Amino acid sequence: MSQKFVITIGRSYGSGGRAIGRMLSEQLGVPLYDRELFYKASEDSGVNLELFRKLDEKVRKGFFDPPTHRYIGDMIPPESAAFVSDENIFNLQAKTIEQLAEQESCIIVGRCADYILRNREDVVSAFIWAPMTDCVHRIMDIYNLSERDAEKQIKKVNKHRSEYYRYYTCREWNDYRNYTLCLNSAELGFEQTAEMIKKCVELKLGIQL
């Protein structure tokens, strides 16, 4: 396996998207970047790590209407007062995503990576979802929550992810047209979902994984 590839994974909360990404990472022997992006972006930019954590896949209240900050690769210089603005924190993280895609095969979870890397030929973008009932049961099991609290948490996280995606891409997060493939992890199971993504990479890029 010599040809480089990048897999981006968008996911609804409770669908197991990160677990499936980790499964792929282990099977393919390539790094997975999820929250690891905070550390890399902070190291690359010199900006405090907590700023990346605070704004992770969230848009602060009042920022998300209308969506005007479509990412186009511009960077705000360090001497500007806006260097640590919410928008530039996104820019800095996006730049890290672009650099990772240029340097190595990897898997990137969330953070609008599908949009940021949309013009690259070596990218397969997947959106993983599951029916609410399945997501609720999974979140109940993981966090020991009641059914009501699990559903409330799922709706809250998905709302944050949707607003974040819309603000920085001017697209809808769960629109199938944004992705190479969309997969129901509850129907397929985690292993088969990972296998479908692998097959898509092989078919699109003409490589054997």
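A search of the whole structure finds zero disulfides, a disulfide being a pair of cysteine sulfur atoms within 2.5 Å. This is a predicted model, in which local features need pLDDT of at least 70 and side-chain atom pairs count only at pLDDT 80 or more, whereas totals for chains, interfaces and linings use all residues. Residues are numbered from 1 along each chain as its sequence is written, and side-chain values use heavy atoms, without hydrogens and water.

C135 is buried, at 2% relative accessible area, while C170 is partly exposed, at 31%. Buried means under 20% relative accessible area, exposed over 50%, and partly exposed in between (1.4 Å probe, protein chains only).

The largest nonpolar core has 24 residues, of which I108 and L117 touch the most other members. Such a core is a set of buried Ala, Val, Leu, Ile, Met, Phe, Trp, Tyr and Cys residues joined through side-chain atoms within 4.5 Å. Helix α4 gives the most to this core, with five residues. Beyond its neighbours within four places in sequence, I108 is in contact (heavy atoms within 4.5 Å) with residues including V6, Y33, L37, I97 and L117. A second, separate core of 22 residues includes I20, I128, I197 and I207.

Helices here are DSSP runs (H or I, at least four residues), numbered from the N terminus. Helix α2 (residues 36-45) packs against helix α4 (residues 86-103) at about 100 degrees, with axes 9 Å apart. The two helices are therefore roughly perpendicular, a term covering angles of 65 to 115 degrees. Among the residues that meet are L37 and F38 in α2 and I97 and L100 in α4.

Key
Axes are lines fitted to C-alpha atoms, for helices over the stretch in contact, and angles run from 0 to 180 degrees between N-to-C directions. Angles under 35 degrees count as roughly parallel, over 145 as roughly antiparallel, 65 to 115 as roughly perpendicular and the rest as oblique.
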